[in-house]
Amino acid sequence: MSGTRDIVITQTILDAKNINAWFGSVHAIRDISLPVEKNTVTAMIGPSGCGKSTFLRCLNRLHEEVAGARVEGQVLLSGEDIYGPGTDPVAIRRKIGMVFQKPNPFPSMSIFNNVAVGLRLAGMGNKALLAETVEKSLKQAALWNEVKDKLKAPGTSLSGGQQQRLCVARALAVNPPVLLMDEPTSALDPISTAKIEELLIELKKEVTVVIVTHNMQQAARISDRTAFFLLGELIEYDDTSRLFTNPRDKRTEDYITGRFG
Amino acid sequence: MVGLLIGCAILALFPLFSVFLYVCQQGLPGLHVNFFTSLPKPVGEVGGGMANAVLGSLILITLASLIGIPVGIATGVYLSEYGKTKLSMILRFCTELLAGVPSIIIGIFAYSLFVIPMGRFSSYAGGAALAVIMIPTVARTTEELLKLVPVHIREAGLALGISRWKVTLIIVLRGSLSGIMTGVMLGLARVTGETAPLLFTALGSQYWPRSLDQPIASLPVQIYTYAISPFEEWHQQAWTGALVLVLFVFILNLTTRMILKRHAPAKD
């Protein structure tokens with residue numbers, strides 16, 4: 001944890017403190033602390049199985065939904081511990097959205113309903129406001145122009161890249177201050193990937209993004225900060241430009257220069 | 001070798017076609033509008049139909065559906081969504097056992113549970129017996145279909161701040177509804193032809209159904225009664241009844257398959 005020493009963080013929105021996570025008896029995340037600055041893109045990189053996705057899923061309490069999984073530690077969202085006693089994980093997840101590796105629009109739901117369902121279930125009954133929010137979210141996700149004439153078509157009828165942007169719109173619709181993304185482009189072609197990347201840079205004006213990626217070039221292109229994970233530990237966390245040009249840890253250097261992973 | 005397999009396949013299909021052809025041949029002459037509109041005539045009088053039995057079967061199937069569909073779907077949801085506990089293992093095993101219980105045993109069960117306490121044969125007892133036969137089919141289909149819904153779809157719902165039971169109900173279950181309807185219709189097709197459990201629950205009747213706590217006619221039982229009678233014109237009616245029953249089940253199966261084809265779940 002030597003890595004975070006030099007970063008100047010002015011406004012922390014999400015602050016993970018001493019997170020440990022287990023799958024049954026397997027200790028998958030070892031004492032990771034990682035503050036995330038507001039309105040930035042923070043990337044998490046590392047070889048397969050290093051725990052970056054698991055750590056991400058600790059940030060919206062999704063990890064505990066897996067049978068036998070367990071988490072210890074604190075995650076402060078604007079100062080409030082999401083693991084605090086009496087905190088409802090359902091309410092937390094409305095504030096911390098998530099986009100998954102595979103595009104996963106809800107089956108047999110239209111494009112409109114895919115975006116609207118989160119709001120409806122959160123109790124928004126006003127149809128005009130609902131339509132307005134759906135439009136805004138689809139615009140934010142840079143999908144509106146492609147789907148505005150076929151909002152009633154099934155979400156699954158879109159192409160893979162469009163489906164993933166639909167998932168971004170679905171997550172944005174409930175207006176979360178933080179958006180987690182778990183390798184959102186690994187199932188997409190280069191053009192769709194480029195669209196999502198552009199989108200992220202645009203999005204960080206309004207939302208704080210934490211993204212797990214397999215792709216180091218992607219981390220270098222889009223993120224402000226990068227965290228390097230290895231075997232369940234956080235090895236180094238620094239400004240992206242510094243981490244990639246002047247890593248302090250030998251293991252980081254070996255990884256980014258392609259000596260392993 | 002291939003020839004042998006084709007031979008076996010033809011052998012397996014042979015009974016289906018021969019039964020269907022024979023039932024058509026024997027039943028078609030008696031297939032008039034009358035069959036669906038009039039009550040059975042006393043022996044010796046010409047004409048008459050099985051309208052009461054057709055209506056009775058529909059009533060019994062409706063009753064069975066009212067109990068069997070919700071219980072079956074709920075069981076399937078439980079097995080699929082919360083299916084890793086000891087209780088659910090036992091439940092799954094019992095569902096499988098129940099599917100294998102001979103239907104006449106289920107009839108005896110309904111007899112002792114409804115007919116004896118109520119003091120008479122009734123539609124309720126018949127409907128309950130059919131419901132018990134339906135439940136395993138509906139439960140297993142529901143479970144299998146819900147298991148096809150990928151975990152990441154459920155997680156997407158959870159990650160959106162939707163509670164687990166709403167995810168199950170609104171995203172998982174609704175997304176599989178057309179498939180589950182298939183299970184329901186296959187269950188219906190199965191119970192439509194059940195005779196044994198109705199013999200001592202719904203009993204049978206020569207009149208229009210009047211009240212649900214009275215004995216009620218049904219197609220299978222009416223066919224059975226007429227077929228074992230010594231009267232030639234009743235035999236004819238029984239053949240026609242059999243044809244109607246076979247056609248009904250055929251149509252139910254075909255519709256189901258067509259729906260399934262149209263709404264085939266997208267490959268993940």
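This is a predicted model: local features need pLDDT of at least 70, side-chain atom pairs count only at pLDDT 80 or more; totals for chains, interfaces and linings use all residues.
**Figure 1. Cover over helix α11 of chain B.** Helix α11 itself spans residues 219–227 of chain B. Its buried residues include Leu219(B), Pro220(B), Val221(B), Gln222(B), Ile223(B) and Tyr226(B). An α-helix has 3.6 residues a turn, so residues three or four places apart point the same way.

**Figure 2. Chain B as a whole.** Chain B has twelve helices and zero strands, and the pattern along its sequence is α-α-α-α-α-α-α-α-α-α-α-α. Along the principal axes, its C-alpha atoms fill a box of roughly 70 × 55 × 30 Å. Of the 268 residues in chain B, 44% are buried. Among contacts in chain B with a separation of 6 or more, 75% are between residues 24 or more positions apart. The accessible surface of the chain is about 13,900 Å², and carbon and sulfur atoms account for 74% of that surface. Chain B carries 17 positive and 11 negative side chains, with 9 Å between the centres of the two sets.

**Figure 3. Nonpolar cores.** The largest nonpolar core has 78 residues. Leu14(A), Leu34(A), Phe55(A), Leu59(A) and Phe229(A) have the most contacts inside this core. Its largest share, nine residues, is supplied by helix α6 (residues 123–148) of chain B. Another core, of 45 residues, lies apart from it and includes Leu158(A), Leu188(A), Met216(A) and Ile222(A). In soluble globular proteins, nonpolar side chains tend to be buried together.

**Figure 4. Surroundings of Phe229 in chain A.** With neighbours within four places in sequence left aside, the contacts of Phe229(A) include Ile32(A), Leu34(A) and Phe55(A). Phe229(A) is also in contact with Met44(A), Ile45(A), Gly46(A) and Pro47(A), as well as with Cys50(A), Gly51(A) and Lys52(A). Leu234(A) and Ile235(A) complete the list. Two of these partners, Leu34(A) and Phe55(A), are named with Phe229(A) among the residues with the most contacts inside the largest core.

Figure 5. Strand β9 (residues 225–230) is largely enclosed by the rest of the structure, because six of its six residues are buried. Arg225(A), Ala227(A) and Phe229(A) point one way from the strand, while Thr226(A), Phe228(A) and Leu230(A) point the other way. In a regular strand the side chains alternate between the two faces of the sheet. Strand β3 (residues 41–45) of chain A pairs with β9(A) in the parallel sense over four bridges, and Met44(A) has Ala227(A) as its bridge partner in β9(A). Strand β10 (residues 233–239) of chain A runs antiparallel to β9(A) and is joined to it by six bridges; Arg225(A) has Asp239(A) as its bridge partner there. The hairpin of β9(A) and β10(A) has two residues between the strands, and Leu231(A) takes a positive phi near 50° in it.

**Figure 6. A four-stranded open sheet in chain A.** The strands of this sheet are in the order β2-β1-β4-β5, with antiparallel pairing. The edge strands are β2 (26–37) and β5 (80–81); each has a single partner strand, so one side of each is left without a neighbour in the sheet. Strands β1 (residues 12–23) and β4 (residues 69–77) are joined by eight bridges and run antiparallel. Arg70(A), in β4(A), is the bridge partner of Trp22(A).

Technical notes: Residues are numbered from 1 along each chain as its sequence is written. Chains are lettered from A and ligands numbered from 1 in the order in which they are written. Side-chain values use heavy atoms; hydrogens and water are left out. Buried means under 20% relative accessible area, exposed over 50%, partly exposed in between (1.4 Å probe, protein chains only). Contact means heavy atoms within 4.5 Å. Accessible areas come from the Shrake-Rupley method with a 1.4 Å probe; for residues, only the protein chains shown count as cover. Lys and Arg count as positive and Asp and Glu as negative; His and the chain ends are not counted. The place of a charge is taken as NZ of Lys, CZ of Arg, CG of Asp or CD of Glu. A nonpolar core is a set of buried Ala, Val, Leu, Ile, Met, Phe, Trp, Tyr and Cys residues joined through side-chain atoms within 4.5 Å. Two strands pair if DSSP finds at least two bridges between them.
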